[in-house]
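This report describes a single protein chain from its overall composition down to selected residues. The sequence and the structure are displayed first, and the discussion follows.

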Amino acid sequence: MSSIIGDIFRGVGELIGGAADFVGDLVFGEDRRMDILIPIVAMLGKAAKCDGQVSKQEITYMDSLFEAWELDSTQRKRCIDVFNNAKNDKSVDIFYCARKINSCLNKTKEALEFRKTIYMILCEMMLADGQISPEEDKILRSIPKHLGLPNKIYFDFLGYSDIAIGMGK
């Protein structure tokens, strides 16, 4: 993994630490770090399977993400369970996960940057195998509004790149 991506992962790990001042008052449990990680990981799990399969590269990407977040063994196991459950459970709604993430964050500049970082992680995970399937592209175009981001972020991140969108896996 490139050092830039590693730095971003570590930065997100620091941002989602229990003391992040842009995380809103809404919490789902006692550990604020896990409160925001659970819907992020569920969203990523659902996204990974949206094209019918989870690639080895997507799994490697998630392992790197978990490592960069410096999860302890209990947190890591919980995140793996959430990822696996989300990818296999038809009742999990990726857009609901995105709205849950959005509801945890306030409206500060730092929170907006965090939302962008989450979107970037989603893009990176979907690009892990070198291309974006039509199903992945549809999610990447639709999810920004649910994360509290402008729709133009899709074009800012992916619109002018030379990736193979729509080529399938």
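The chain exposes about 8600 Å², of which carbon and sulfur atoms supply 52%; accessible areas come from the Shrake-Rupley method with a 1.4 Å probe, and for residues only the protein chains shown count as cover. The model is predicted: local features need pLDDT of at least 70, and side-chain atom pairs count only at pLDDT 80 or more, while totals for chains, interfaces and linings use all residues. Residues are numbered from 1 along each chain as its sequence is written, and side-chain values use heavy atoms, with hydrogens and water left out.

## Overall architecture and confidence

The chain contains 9 helices and 2 strands, where helices (H or I, at least four residues) and strands (E, at least two) are DSSP runs numbered from the N terminus. Along the sequence these elements follow the pattern α-α-α-α-α-α-β-α-α-α-β. Of the 169 residues, 46% count as buried; buried means under 20% relative accessible area, exposed means over 50%, and partly exposed lies in between (1.4 Å probe, protein chains only). Among contacts (heavy atoms within 4.5 Å), those with a separation of 6 or more are supplied to 76% by residues 24 or more positions apart.

Confidence is expressed as pLDDT, the predictor's confidence in each residue, from 0 to 100. The mean pLDDT of the chain is 79, and 76% of its residues reach 70 or more. For residues 1-30, where pLDDT stays under 50, the model has 58 contacts beyond four places in sequence. For residues 161-169, where pLDDT also stays under 50, the corresponding number is 24.

Arg115 lies in helix α6, which spans residues 109-126. Arg115 is buried yet has no salt bridge, and the nearest side chain of opposite charge, that of Glu110, is 9.3 Å away. For charge, Lys and Arg count as positive and Asp and Glu as negative, whereas His and the chain ends are not counted.

## Salt bridges

Side chains of opposite charge can pair when their charged atoms come close. A salt bridge is a side-chain nitrogen of Lys or Arg within 4 Å of a carboxyl oxygen of Asp or Glu, and by this rule the count comes to 5. The table includes three of them.

| Arg76 | Asp63 | 3.4 Å |

Arg76 lies in helix α4 and Asp63 in helix α3 (residues 56-68), so the pair ties together parts that are 13 residues apart in sequence. Arg76 is partly exposed at 27% relative accessible area, and Asp63 is partly exposed at 33%.

Asp81 belongs to helix α4, residues 73-88. Asp81 and Lys77 are 4 residues apart in this helix and are thus separated by about one helical turn. Asp81 is partly exposed at 32% relative accessibility, whereas Lys77 is exposed at 52%. Asp81 also lies 10.0 Å from Ile38, C-alpha to C-alpha, although 43 residues separate the two in sequence.

Is Ile94 buried or exposed? With 7% relative accessibility, Ile94 counts as buried. Ile94 is part of helix α5 (residues 94-104). Its C-alpha atom is 7.6 Å from that of Ala42, which is 52 residues away along the chain. Beyond residues up to four places away in sequence, Ile94 touches Met43, Lys46, Ala47, Ile139 and Ile143.

Glu70 is located in the loop between α3 and α4. Glu70 has a positive phi of about 50 degrees although it is not a glycine. At 63% relative accessibility, Glu70 counts as exposed.
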